[in-house]
Amino acid sequence: MTARQGNLLTDHPELYEARFPDPDRLAARWAEDRLRHHGAGPRVLDLGCGTGRDAAHLHAAGRRVVGADTSEAMLAHARDHHPGPEYVHADLRGFDLGERAFDAVVCLDSAFLYAHTNDELDGLLSSCRRALAPGGLLIAEMRNGAFFLGRTELLDAPAVSRFTWEGTAYRAVTTLHVDRAAQLLRRRRVWTADDGLPPTEQHSAWRLLFPQELRYALAAHGFTVLALHDGPGPRTEPPWREGDPEPGATADGDRLHLVARLAAS
């Protein structure tokens with residue numbers, strides 16, 4: 001049976017939320033904690049907002065939130081199921097949502113790494129600089145490129161996952177490999193379901209940024225790094241919890257957490 005090409009979860013946001021339930025809104029709580037700790041103002045851009053769950057949590061915490069994404073399906077789901085923020089279509093690799101319109105940009109779940117090339121990374125950081133008021137914050141959570149220096153446990157064998165939603169059983173086989181020339185982590189995922197439809201084959205990739213490389217790019221765009229570390233965070237084990245002590249600057253884990261401030265003038 002020939003596989004269909006597409007992204008099963010992005011095309012069906014309700015499936016995304018079923019596959020990745022987040023009743024505790026851990027990523028949004030971590031972001032809100034960082035916003036408060038560093039004294040961010042109320043205007044927040046959630047860049048790569050997906051289904052809108054995190055944007056809605058930040059809105060409920062008292063922020064004035066705009067959620068931005070390239071997926072119209074995700075944006076429609078967010079407006080229907082997670083109201084409060086304003087949701088807009090925007091490409092994180094180059095966007096203009098108003099000059100100095102935000103006090104903080106939040107970019108969670110490796111959305112930052114969809115800027116695959118140096119030009120795209122410059123486009124992302126230039127857009128964030130334009131969008132932020134002087135002294136504004138950039139808060140991001142992403143895969144850690146340095147983790148793959150000599151580490152292969154995520155690459156050695158396909159990963160198999162299963163879940164059931166509304167009576168249909170879904171199975172995903174995921175294979176990761178590092179494209180060293182492009183500095184990308186490439187993923188092939190094949191979804192099958194017991195609904196009789198052909199499999200769905202998805203291809204995606206993330207830029208593998210290293211901590212010092214990220215510091216260099218941020219400095220070139222007027223940002224000062226306030227924190228850059230591997231954990232704890234919303235997707236680490238153990239996960240971040242309110243009241244955790246301030247982390248150090250290690251980068252051994254598979255996640256990287258960033259807080260940077262734009263120059264005040």
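Mentor: Two strands count as paired if DSSP finds at least two bridges between them. This is a predicted model, and the part you ask about is an open sheet of 7 strands with mixed pairing. The strand order is β4-β3-β2-β5-β6-β12-β11. At the edges are β4 (86-89) and β11 (223-229), each of which pairs on one side only. From one strand to the next, the twist averages 20°.

Within this order, take β2 and β5. Strand β2 covers residues 43-47 and strand β5 covers residues 102-107. The two pair in the parallel sense, over 3 bridges. In this pair, D46 stands opposite V106 of β5. In general, the strands of a sheet pair through backbone hydrogen bonds, either parallel or antiparallel.

Now the helices. Helix α3 (residues 26-37) lies across β2 and β5, and also across β6 (132-143) and β12 (255-262). The angle between α3 and β6 is about 145°. Helix α7, residues 211-220, lies across β6, β11 and β12.

For an antiparallel case, turn to β7 (residues 159-165) and β8 (residues 168-179), which pair over 7 bridges. V160 stands opposite V173 in β8. The two strands form a hairpin with 2 residues between them, and E166 in the turn has a positive phi of about 50°. Strand β8 also pairs in the antiparallel sense with β9 (residues 184-193), over 10 bridges.

Conventions: Residues are numbered from 1 along each chain as its sequence is written. This is a predicted model: local features need pLDDT of at least 70, side-chain atom pairs count only at pLDDT 80 or more; totals for chains, interfaces and linings use all residues. Side-chain values use heavy atoms; hydrogens and water are left out. Helices (H or I, at least four residues) and strands (E, at least two) are DSSP runs, numbered from the N terminus. Axes are lines fitted to C-alpha atoms, for helices over the stretch in contact, and angles run from 0 to 180 degrees between N-to-C directions. Contact means heavy atoms within 4.5 Å.
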